[in-house]
Amino acid sequence: MKLTSLTLAASLIGSAALAGEVAPKDVQFDDYGAVEVSLSGASGDAANGALIAGTKSKGNCVACHAITALADVPFHGEVGPTLDGAGARWNAAELRGLLANAKMTFDGTVMPAFYKVDGFTRPGDAYTGKAAEGELMPILTAQEIEDVVAFVATLNEE
Amino acid sequence: MTKPMGNTLTAIALAAVAFGTVATADESADLVINGDQEMTIRTAAPAHLSDVMDEINSGWLYRKDETQLLQMDDFDNPGMIFVDLAQDAWNAVDGSEDKSCASCHDNVEETMKGVRAVYPKWNETAGEVRTLAHQINDCRENQMGAEKWKYTGGKMTAMEALISVQSRGMPVDVAIDGPAQSTWEQGKEMYYSRTGQLELSCANCHEENYGNMIRADHLSQGQINGFPVYRLKNSKLNNAHARFKGCVRDTRAETYKPGSADFVALELYVASRGNGLSVEAPSVRN
């Protein structure tokens, strides 16, 4: 009895979208992989986006991309192109789509989908190596996506 | 243009400093062990890989100079301590049959030469592909009447190292046809499957991106010719399944179990991608 109510409570929290928030399964991509509306219903905070982009347990964008604006974060990867100038190459809707699920923009890309909760093979419980239990959370929340979109939009210089 | 070379170097060094990348790996180095044993660390890709890459190379090439050096002399190689320990285990009687490995296999240097190079291997009697670790445990259980060793445990990895070092310098040459073929196909399928919430396959990192940095790690081809590997990170020998487990886990996936049929298939396939490279075990990595 106790267990059931706990699980229920957990799944309620897990799936409860905040007012104005677009749930991962409801994201609308256009033909080019762009997402027009804010996922959180609010605008993003570029400073927080910069933090998320450089933090291993969050966006960890620097694992694959060099970003001069984050030069104080050690070790930038080379798997993807540098994000310098990405703010000039892509508009906010395109960046939002790239972050939510880059495979909608670049077919088969190595870049992970940060706002996706299903369709995975052997999904794990974060980095424990164990099977995921219950509903999966996206890697970044709706607001975190918006924050990173706002941050990348500031990267105007090549 | 008086000193073009100097300028280029400075520019590269500057770029490296700016991004904090570790650009110290010497990918052009050659591996000679104890001053006289030359290893094949780059060679033509085996035929089954020819449509995806021309050259295969050892993970040793991608490590930093200090790490590379540790593998060049057995006195510096921390993995060799475990080889000595396993030599004692080789001679130690254990189990209900009062036997040691040596009772049946005599001198390890003679009887185990070349064995590691062809594993994982089809075992006709058992009708299955066996890894070296599985074969060792089969002998312990069925020949000695002794307890099986933990698949990724220290006793097992040490014994794997002792047996593997007898093949050091010989080319990896696992069979992928005949009765092993279906297992090999299964392993290949796994190699290209994108797992976990990050949806990454072995190939995404080790085929499409070797030579690139991923955060602080310099990606290699993920070859297993050096296994078991002494890792500076955990100060012990690690066998291939332990490494596979970590790599699958890092895709935010549910891993497979070390010793499982899945990982046996993956090991056969990954080993075959290294056919032609020298057996390097015990190698040293970070």
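User: How many residue pairs are in polar contact between chain A and chain B?

Analyst: In this predicted model, where local features need pLDDT of at least 70, side-chain atom pairs count only at pLDDT 80 or more, and totals for chains, interfaces and linings use all residues, the count is 13 residue pairs, both at pLDDT 80 or more. A polar contact is a pair of N or O atoms within 3.5 Å; within protein, one must be able to donate a hydrogen and the other to accept it, and residues adjacent in sequence count only if both atoms are side-chain atoms. Side-chain values use heavy atoms, with hydrogens and water left out.

User: Why is Gln71(B) called buried?

Analyst: Buried means under 20% relative accessible area, exposed over 50%, and partly exposed in between (1.4 Å probe, protein chains only); Gln71(B) has a relative accessible area of 0%, so the word buried applies.

User: Which backbone nitrogen does the side chain of Gln71(B) reach?

Analyst: The side chain of Gln71(B) reaches the backbone nitrogen of Val284(B) at 3.1 Å. Contact means heavy atoms within 4.5 Å, and, not counting residues up to four places away in sequence, Gln71(B) touches several residues, including Leu31(B), Trp60(B) and Arg285(B).

Key. Residues are numbered from 1 along each chain as its sequence is written. Chains are lettered from A and ligands numbered from 1 in the order in which they are written.
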